[in-house]
Structures are given as C-alpha cells and as structure tokens.
Amino acid sequence: MAPGYRNLLNGFEKIANRVTTGIILAALIVGAALMMRINSTFQIFAYPGIAMICFLFALGGSAWLVLGILWKDYKHSHQRKG
C-alpha cells in the first residue's frame with residue numbers, strides 16, 4: 001500500500017458516515033412531517049405523538065451528528081498543533 005493510503009481511506013469513510021447519517025435524519029424529518037397529517041388519539045403538544053417522537057429522534061440525532069463532527073474536528077486540529 002502507498003503511504004497515506006490509510007489516512008485517505010479513513011477520510012472517505014468519515015465523510016461517507018456523515019453523509020449517510022444526514023440522509024437518514026433527513027428521511028426521518030420528512031417522514032415525521034408527513035405523519036403530522038394523520039389524526040391520532042396519542043398526542044404530544046396537540047400534535048400526533050408518533051410524528052413528534054420522530055421529530056425528537058431527528059433532533060437528538062442531528063445534535064449528536066453536529067456535536068460529533070465539531071468534537072472530532074476540534075481534537076484533530078489540536079493534535080496537529082501539539
């Protein structure tokens with residue numbers, strides 16, 4: 001293997017994981033938005049409960065994704081300096 005090949009491959013894997021997570025979260029948000037039209041007896045804040053649960057999962061997943069990206073980038077930038 002060529003030098004740096006593993007670093008390049010790790011970079012591509014990191015990007016692919018971030019994109020995949022973003023697509024899944026976007027699908028969850030779109031699905032939840034579509035479910036808002038469904039009448040349900042189970043409600044949270046006067047909205048259909050299952051849709052609100054999906055939105056909450058999407059919110060948590062989005063926060064996890066953004067914080068994970070920021071944390072890894074922060075660690076990576078400080079490793080170069082040290």
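The model is predicted, with local features requiring pLDDT of at least 70 and side-chain atom pairs counted only at pLDDT 80 or more, while totals for chains, interfaces and linings use all residues. Residues are numbered from 1 along each chain as its sequence is written, and side-chain values use heavy atoms, without hydrogens and water.

The largest pocket holds about 190 Å³ of space. Here a pocket is an open set of points on a 1 Å grid over the protein atoms alone, where a 1.4 Å probe fits, with protein on both sides within 12 Å along at least five of seven lines; lining residues have an atom within 4 Å of a point. The volume is the space filled by probe spheres set on the points. Among the lining residues are Lys14, Arg18, Trp64 and Lys72. Two elements, α1 (5–35) and α2 (49–81), each give two or more residues to this lining, and α2 gives the most, with five. Helices are DSSP runs (H or I, at least four residues), numbered from the N terminus.

Arg18, in helix α1, is partly exposed because its relative accessibility is 22%; the class lies between buried (under 20%) and exposed (over 50%), with a 1.4 Å probe and protein chains only. Between Arg18 and Val66, 48 residues apart in sequence, the C-alpha to C-alpha distance is 9.4 Å.

Helix α1 also contains Ile23, which counts as exposed at 55% relative accessibility.
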